[in-house]
Amino acid sequence: MVDHALIHPVILCGGSGTRLWPASRKSLPKPFLPLTGEQTLFQQAISRASDPAQFAPPMIVAGADHAALIEQQIGPGSDYRVMVEPAARNTAPAIALAAASLDPDAIMLVCPSDHHIADAKAFCAAAKTAAELAKDDWLVAFGIAPERPETGYGYIKRGDALGAGFKVDRFVEKPDLERAEGYVASGDFSWNGGIFTFRAGALMDELARHRPEMAEAVRTAIGGASRNGNRIDPAVHDFATITGESIDYAVMENTARAAMVPVEMGWSDIGNWAALQDALNAADQSGQAGNIAPDSANLIDCDNILVHSDGPRVSAIGLQDVCIIVNGDEVLVTTRAGAQQVGKLPGASNQ
């Protein structure tokens, strides 16, 4: 029997984080780096959903290459399960694997493993509100309060009130600056942070309605899965037939049961080095000209600089709005405006 009082965290560990190269590499990608504190982003994601009075033990969805990292970082004696994706197929199949393996009445909270959330209490409160809606078979997205007219995020337009949340009027793809400014000014739009709450059975029903081949392949892959301790390995052949697609495209933009819960929780997807700098600056009370740098760095007449080094001292004079990253034998220097393009560099794509 599923414990209806508990929310089941599903932590997604896909993605390679190429825009955070050279620190993020295939062997040690973004979720497993301590970018915003002593804990890695993955460890923070686990910690936020660790209260046993509210959350069941987590299920972590990841590729086989990262199973050892997960075991190392989650710590000995922890109660968790790892769903090993046979291949990367985007978020819809990854989430569906978790849903198909849970009791249909389990309420699942889907969280990326590589985001920063400053206010864990607000996150937990939103999870509780979303879970109540999910019990009535609403598919619930967290609507992040927008802090600026961001062009790098998708948006959610809220519709009619629905308990402590809202129906979703529509999902909006990444806008240009003019539209983003209008969205923020209207007060009707939130950022889509990729955090969702579903009843597992309701999600699989909606997936079967809108992507029947994907739903069937996932169910077959779970039906043929091997289990060893806390590890679940779905059948490879069945999963390999799936066409990759995000949960937004596959389900959320098609369902008539989409809802959202607004939340202010100091969220960032840490999507590039400039975003990391913004998140660290938001937490920094020193007022040191927007510079984020280790004590070993020497900065003269510099403003709004990020320095991230794994050892070598970085010295700079007279720079503005620049990110300087040193990792191993690689050095990256980019303007903040250019940080979005780091993933296109040969070093990042061949990591």
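Mentor: Let us begin with two helices: H1 passes H2 in a right-handed crossing. Please bear in mind throughout that this is a predicted model.

Trainee: At what angle do H1 and H2 pack, and how far apart are their axes?
Mentor: The angle is about 60 degrees, and the axes of H1 and H2 are 10 Å apart. That angle makes H1 oblique to H2.

Trainee: Which residues make the contact?
Mentor: H1 contributes Phe42, Gln43 and Ile46, while H2 contributes Ile70, Gln73 and Ile74. By class, the residues of this contact divide into 4 nonpolar, 2 polar and no charged.

Trainee: Let me stay with Phe42. Is Phe42 buried or exposed?
Mentor: Phe42, which is found in helix H1, has a relative accessible area of 0%, so Phe42 is buried.

Trainee: What does Phe42 touch?
Mentor: Leaving aside residues up to four places away in sequence, Phe42 touches Ile11, Cys13, Pro31, Phe32, Ile60, Ile70, Gln73, Ile74 and Ser113. As for distances, the C-alpha atoms of Phe42 and His116 are 9.6 Å apart in space, and the two residues are 74 residues apart in sequence.

Trainee: Back to H2, then. Which residues of H2 are buried?
Mentor: Helix H2 covers residues 67-74, and its buried residues are Ala67, Leu69, Ile70, Gln73 and Ile74. Viewed down the axis of H2, these buried residues fall within an arc of 160 degrees, so they line one face of the helix.

Trainee: Which exposed residues does the face turned away carry?
Mentor: On H2, that face carries Ala68, Glu71 and Gln72. Glu71 counts as exposed because its relative accessibility is 53%, and the cut-off for exposed is over 50%. The C-alpha atoms of Glu71 and Val82 are separated by 9.2 Å, with the two residues 11 residues apart along the chain.

Trainee: What follows H2?
Mentor: Gly75 follows H2, and its phi is positive, near 95 degrees.

Trainee: Which residues other than glycine have a positive phi?
Mentor: Asp137 is one of them, with phi near 70 degrees. Asp137 is found in the loop between helix H4 (120-134) and strand S6 (139-144), and it is partly exposed, with a relative accessible area of 29%. Ile270 also has a positive phi, of about 45 degrees. The place of Ile270 is in the loop between strand S13 (267-268) and helix H10 (273-283). Ile270 has a relative accessible area of 0% and is buried.

Trainee: And where is there a cis peptide bond?
Mentor: The bond from Trp21 to Pro22 is cis, with omega near 10 degrees. Pro22 lies in the loop between S1 and H1. As background, most residues other than glycine have a negative phi, and most peptide bonds are trans.

Trainee: Turning to H7, how does H3 pack with it?
Mentor: Helix H3 (residues 91-101) and helix H7 (residues 212-223) pack at an angle of about 50 degrees, and their axes are 9 Å apart. That makes H3 oblique to H7. The crossing of H3 and H7 is right-handed.

Trainee: Which residues of H3 and H7 meet?
Mentor: From H3, Ala92, Pro93, Ala96, Leu97, Ala100 and Ser101 meet Met214, Val218 and Ile222 in H7. The contact of H3 with H7 has 8 nonpolar residues, 1 polar residue and no charged residues.

Trainee: What about H6 and H7?
Mentor: Helix H6 (residues 200-210) packs with H7 at an angle of about 130 degrees, with the axes 5 Å apart. H6 and H7 are therefore oblique to each other. Among the residues that meet are Met204, Asp205 and Arg209 in H6 and Met214, Val218 and Arg219 in H7. The contact of H6 with H7 divides into 7 nonpolar, 1 polar and 3 charged residues.

Note on methods:
Residues numbered from 1 in each chain as written. Predicted model: local features only at pLDDT ≥ 70, side-chain atom pairs only at ≥ 80, totals over all residues. Heavy atoms only, no water. Axes fitted to C-alpha atoms, helices over the stretch in contact; angles between N-to-C directions. Helix = DSSP H or I, 4+ residues; strand = E, 2+ residues; numbered from the N terminus. Parallel < 35°, antiparallel > 145°, perpendicular 65-115°, else oblique. Left-handed = near helix turned anticlockwise from the far one by under 90°. Contact = heavy atoms within 4.5 Å. Nonpolar A, V, L, I, M, F, W, Y, C, P; charged D, E, K, R; others polar. Buried < 20%, exposed > 50% of the residue type's maximum accessible area, 1.4 Å probe, protein only. Arc of directions from axis to C-beta.
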